[in-house]
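Please read them with the structure open.

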Amino acid sequence: MGEMNHQPGVPPPVGVPPPMGMQPMMNAPVGAGAMHQPYEQFNQLNYCVHSNPSWVQVAGLAFLHYLVMLGSTVMLVSIIVPAMGGGPGEKARVIQAFLFVSGINTLLQTLVGTRLPTVMNASFAFVVPVLSIARQFNTNDFESNHERFVHTMRATQGALIVASILNMILGYSRAWGAFAKKFSPVIMTPVVCVVGLGLFQIGFPQVGKCVEIGLPMLILAIVVQQYAPLYFRHIHERTTFLFERYSLLLCIGIVWAFAAILTAAGAYNHVSLKTQQHCRTDKSFLISSAPWIKISYPFHWGPPIFTAGHSFGMMGAVLVSSFESTGAHFATARLAGATPPPAHVLTRSIGLQGIGIFLNYLCYALSTARTRLIFLYKCSENIGLLGLTKVGSRRVIQISTGFMIFFSIFGKFGAFFASIPLPIFAAIYCILFGIVAAVGISFSQFANKNSMRNIYIIGLSLFLGISIPQYFAEYTASAGRGPARTNAGWFNDIINTVFASGPTVALIVASLLDNTLEPRANENDRGLSWFMPFLRRRKGYSDPRNEEFYSYPIRVHDLVPHRFL
């Protein structure tokens, strides 16, 4: 779109010289048949946002979405809880709290938020400020590690409650919507790419921690999901459908059983403790630590502790979760067969995230939308699963919230699935995050891919979106804290959090460059003629299909003033 002023494949009129940049390289039309027109939707999707498979299929896919988000939840909790002084018991209860909060917030987002099939989960962006809070409480100041854990949770809870106000201000003041109207396909290409690529640390690096389990899972998932349908479709047409949608469940079961056999056979009896924790199926102690039934209630960990420094530091993580969620929303819309989310949909989603964080922290202490300390962020792994299964149905995600809430209450059952070795989940993420990254590349079809201006912006944003966070990660791993080291701890947390997020860096760089490098002279090359109708809301200027995907399920316009929606 916007690459040429004439129809592709049609030569210029006789006597008229071809435009600059279209001079033929050869006299023969080599490769002319390889040109592909831009498509607003993937035509291989079987179900889009508002179309639904049968209830049996919905239940199976919903359970798969639950398992996929469970892996990243366990990973996040495994990082944060030990640093806070918690043991297996605290870890199990935090996982339960995260599942419950993720279920509630996911249901809210699918009903009155973006209305996209989005799983809201805790974000790794909150790791930096939470660990910063944990470091300020020395073990010697408390009688036990449990007491230190509870005190840290209460301090984190207070910081999140205050920081959530920033989300509400950004959303309901329409500030985020004004920012979103500056977006273009040139900006979304690197941002969505980094939403997937930026999580490479929990991909193959985690697979390698138990390669005899992780690598077979990766290979088996590729073979069963991609190659098996090609050979079995001649037997029965239904086999293709079964392999495409439910192969991950089969692969998880097979490799999990294989890991249990290795554990029972004593393959890990004489290896390091670290290897045992990643490979054994009985080393998490989650099943023995989790209660049979546990219903969360307000201030589960005690009354929150409010500190100005902690609250300002946490605001950096809340801001980052807004950046990351924005990129994830565009990826979800693409894989769910919807139009790009309009600015007013993004702004109400960000505002609702703030409300979700606020309510979550009143009830628990740590949770959101892409990782679990009750901080809300869109789950990238579940976005990739939409593309892998070719089912973008909103109903599937809504039913998956039932699994999240059920297993958060009945702890023993939830702990059973949470004890799946993490390298198995990591192998799945190698596939799912790759799909999300590739979706980002697909946004470039709506801009001029032959424009050196666009190539410069996309390339620099993509590279810095990966390189800068990697620098911050390596510095933190070697020094124990981020590169920002001033006397203001809250300022350090903001800087270290913002620049440790790949999507945030990519969005800042791409937005700055695309809106300052002759933006008006390059409107067609930027793809704005295609993009802007989706971002606008005014009648006559917006795309009418937006209402089909993003309108509320009930006529709330009769109850709530239009300016708040």
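**Notes on the predicted model**

1. Start with a salt bridge. Asp-514 pairs with Arg-526, and their closest N and O atoms are 3.0 Å apart. The pair links distant parts of the chain: Asp-514 sits in helix 20 (residues 502-514), Arg-526 in helix 21 (residues 523-526), 12 residues apart. Both Asp-514 and Arg-526 are buried. Arg-453 also belongs here: salt bridges with shared partners join Arg-453, Asp-514 and Arg-526 into one network. Bear in mind throughout that this is a predicted model.

2. The salt bridges come to four in the count. Another of them joins Glu-244 to Lys-390, with 3.3 Å between the closest N and O atoms. Glu-244 is in helix 9 (residues 237-264) and Lys-390 is in the loop between helix 14 and helix 15, so this pair ties together parts that are 146 residues apart in sequence. Is Glu-244 buried or exposed? Glu-244 counts as buried because its relative accessibility is 18%, and the cut-off for buried is under 20%. Lys-390 is partly exposed, at 24%.

3. Look at the backbone of Lys-390 too. Its phi is near 65°, a positive value in a residue other than glycine. The loop that holds Lys-390 runs between helix 14 (380-389) and helix 15. I would read this point together with the salt bridge to Glu-244.

4. Arg-174 also has a positive phi, near 70°, and is likewise not a glycine. Where is Arg-174 placed? Arg-174 lies in the loop between helix 4 and helix 5 (175-180). With a relative accessibility of 40%, Arg-174 counts as partly exposed.

5. Asp-282 and Arg-280 meet through their side chains in a salt bridge, at 2.8 Å from N to O. Asp-282 is partly exposed, with a relative accessible area of 39%. Arg-280 counts as buried, at 13% relative accessibility.

6. Thr-156 is in helix 4 (residues 145-172). Its relative accessibility is 0%, so Thr-156 counts as buried. What does the side chain of Thr-156 reach? It reaches the backbone oxygen of Thr-152, at 2.8 Å.

7. Helix 6 (residues 185-197) has 13 residues. From first C-alpha to last, helix 6 reaches 18 Å, close to the 18 Å expected at 1.5 Å a residue. Why call helix 6 largely enclosed? Because 12 of its 13 residues are buried, the rest of the structure largely encloses helix 6. The buried residues include Pro-185 and Pro-190, as well as Met-188, Thr-189, Cys-193 and Gly-196.

8. Helix 15 (residues 394-409) has 16 residues, which should span 22 Å at 1.5 Å a residue. Its end C-alpha atoms are 24 Å apart, which agrees. Which residues of helix 15 are buried? They are Arg-394, Val-396, Ile-397, Ser-400, Thr-401, Met-404, Phe-407 and Ser-408. These residues cover an arc of only 150° around the axis, so they lie on the same side of helix 15.

9. There is a nonpolar surface patch of about 820 Å². Ile-219, Ile-222, Val-223, Tyr-227, Leu-230, Tyr-231, Phe-232 and Ile-235 make this patch. One of them, Ile-219, is found in helix 8 (residues 211-232). Ile-219 counts as partly exposed because its relative accessibility is 48%, and residues over 50% would count as exposed.

10. Helix 8 also contains Ala-228. Ala-228 counts as buried, at 10% relative accessibility. How far apart are the C-alpha atoms of Ala-228 and Phe-243? They are separated by 7.2 Å, with the two residues 15 apart along the chain.

Methods
Residues numbered from 1 in each chain as written. Predicted model: local features only at pLDDT ≥ 70, side-chain atom pairs only at ≥ 80, totals over all residues. Heavy atoms only, no water. Helix = DSSP H or I, 4+ residues; strand = E, 2+ residues; numbered from the N terminus. Buried < 20%, exposed > 50% of the residue type's maximum accessible area, 1.4 Å probe, protein only. Polar contact = N/O pair within 3.5 Å; in protein donor to acceptor, adjacent residues only side chain to side chain. Patch = residues over 30% accessible without salt bridge, like charges linked within 9 Å, V, L, I, M, F, W, Y side chains within 5 Å. Areas by Shrake-Rupley, 256 points an atom, 1.4 Å probe, with all protein chains shown as cover. Expected span 1.5 Å × (residues − 1). Arc of directions from axis to C-beta.
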